[in-house]
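Subject: Structure handover and notes

Hello,

Here is the structure you were waiting for.

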Amino acid sequence: MLCITHDCNGECAFCMRGEPQKFYMSASIIEKIFSQTSYVEHIGITGGEPSLYPDGIRSITYYAKKYGCKIGSFFCATNGLVYSEEFASALDELYSYCVNKKLCELTFSIDQFHKAPDEKAKAEYEKLAFYSTSKNKEVIAKKDILSEGRAEQNGLGRYSNPPVKEIYDYSFDAFVVNIGDRIFISAYGDVVLDADLSYEHQAERRIGNVMDDELYDIFREHFYKIPDHWFGENKKSFYKISLKADANTLLIEPTEEKNYFELPQEASVTYRSILRNIRMMPMDFTEKTVPDDLELIYEDLPIEGNRCIGTKIYYKSSTISEGRAVTVEVIRCPLMEGTIYVGNR
């Protein structure tokens, strides 16, 4: 995800970024990124308001072509308050370069906080081959509003994500490193592992800057390294991810799920993915919705026995009894000599 500008012509009360800044990602930052990247499966172009900086989008296409970096597809959302022919043209150039054109999307930010888009902008952008309404949200639920930026200042924010400090999903192929986790780069060139932060917190939680260090070096320093205790004394093990949910959390009834993995890195990637997505899982009440006032409180579990890592997530809401929680653990399962393992991955 590239935040090409901190500038914005909107005044949304829930904006997680905070107050706009007249700042734009320089061509030198964009060149640095694509000179070190061979393929981007999906690129999110964000801001601020990206339509205010079409030259930034042109630079993405130009430097991707110059350095032979393939781009699979892109996503971009605009408030559409002003029509920009240059913005539409810049996105069209990027669309022509993308490999997976069916996955390219431009959409409007339409919800209770955004003003209605300009009629001309709406009419013209809807003509583009990659215009889509698949990700439109007519209403943003309170539970989905982060306590960041203006949302926090205005008392609208309902939750914060636990800090992300490491890259879990990665692999090596000869001289290339493949990263599956989402990487966010701010207009200042700061590399952040959480895209949903205010400008202030982006600077605080950055893991590096592309103008100071090579991207590979920044990533390498923050790869999640499997701790020695995951292996134990017996090196032959498989790994179980256990998810236990109390009643009236993920489902009405208590639930328990188990998944097994041969490799510890596979288990760590899945573990991190569950923690990241657990808020998206609907609580299966009568209307199958999540309460607007839901808070999740994360607690690290102690490392003991065969538990490699674990987190307990407490659910706090006016509609939930105290103490309701979901527990997610990675448990090492030693294999004894002569044992045949047959499991699902």
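This is a predicted model: local features need pLDDT of at least 70, side-chain atom pairs count only at pLDDT 80 or more; totals for chains, interfaces and linings use all residues.

Threonine 5 sits in the loop that runs from strand E1 (2-3) to helix H1 (27-35). Its relative accessible area is 0%, so threonine 5 is buried. Leaving aside residues up to four places away in sequence, threonine 5 touches Phe23, Tyr24, Thr46, Gly47, Gly48, Glu49, Pro50, Tyr53, Ala187 and Tyr199.

Two of those contacts deserve a look of their own. Glycine 47 is in the loop between E2 and H2, and glycine 48 is found in that loop as well. The peptide bond joining glycine 47 and glycine 48 is cis, with omega at about 20 degrees. For context, most residues other than glycine have a negative phi, and most peptide bonds are trans. Glycine 47 is buried, at a relative accessible area of 4%. With residues up to four places away in sequence not counted, glycine 47 touches Cys3, Thr5, Arg17 and Tyr199. The C-alpha atoms of glycine 47 and aspartate 7 are 7.2 Å apart, although 40 residues separate the two along the chain.

**Helix H2**

Helix H2 (residues 54-66) has 13 residues. From its first C-alpha to its last, H2 reaches 18 Å, close to the 18 Å expected at 1.5 Å a residue. Its buried residues are Pro54, Gly56, Ile57, Ser59, Ile60, Thr61, Tyr63 and Ala64. An α-helix has 3.6 residues a turn, so residues three or four places apart point the same way. The cover over the buried residues of H2 includes E1, H1, strand E2 (39-46), E3 and H3. Just after H2, glycine 68 has a positive phi of about 70 degrees.

**Strand E10**

How many of the 9 residues of strand E10 (residues 237-245) are buried? The count is 8, so E10 is largely enclosed by the rest of the structure. E10 is joined to strand E14 (residues 325-334) by 9 bridges, and the two run antiparallel. Within this pairing, isoleucine 241 has valine 330 of E14 as its bridge partner. E10 is also joined to strand E11 (residues 255-261), by 7 bridges and again antiparallel. There, lysine 244 stands opposite glutamate 256 in E11.

**Aromatic rings**

The count of aromatic pairs comes to 17. One of them is formed by tyrosine 83 and tyrosine 125, a tilted pair at 5.3 Å centre to centre with 50 degrees between the planes. This pair links distant parts of the chain, 42 residues apart: tyrosine 83 is in the loop between strand E3 (70-78) and helix H3 (85-97), and tyrosine 125 is in helix H4 (residues 119-125). Tyrosine 83 is partly exposed, at 22% relative accessibility, whereas tyrosine 125 is buried, at 0%.

A further pair is made by tryptophan 230 and tyrosine 239, whose ring centres are 6.0 Å apart and whose planes are at 40 degrees, so this pair is tilted. Tryptophan 230 and tyrosine 239 are both buried.

Tyr83 and Tyr125 also belong to one aromatic cluster, together with Phe87, Phe108 and Tyr131. Elsewhere, the charged end of lysine 101 sits over the ring of tyrosine 95, 6.0 Å from the ring centre.

**Cysteines**

The structure holds 0 disulfides. The cut-off applied to a pair of sulfur atoms is 2.5 Å. Cysteine 98 is buried, with a relative accessible area of 2%.

For cysteine 76, the closest cysteine sulfur is in cysteine 3, 11 Å away, so that too is too far for a bond. Cysteine 76 is buried, at 0% relative accessibility.

**Alanine 174**

Alanine 174 has a positive phi of about 55 degrees although it is not a glycine. Alanine 174 lies in the loop between strand E5 (170-173) and strand E6 (176-179). Is this residue buried or exposed? At 70% relative accessibility, alanine 174 counts as exposed.

Regards

Conventions:
Residues are numbered from 1 along each chain as its sequence is written. Side-chain values use heavy atoms; hydrogens and water are left out. Helices (H or I, at least four residues) and strands (E, at least two) are DSSP runs, numbered from the N terminus. Buried means under 20% relative accessible area, exposed over 50%, partly exposed in between (1.4 Å probe, protein chains only). Contact means heavy atoms within 4.5 Å. Two strands pair if DSSP finds at least two bridges between them. Rings of Phe, Tyr and Trp (its six-membered ring) pair if their centres lie within 6.5 Å; planes under 30 degrees apart count as stacked, over 60 as edge-to-face and the rest as tilted. A charge sits over a ring if NZ of Lys or CZ of Arg is within 6 Å of the ring centre and within 35 degrees of the ring normal. The expected span of a helix is 1.5 Å times one less than its number of residues.
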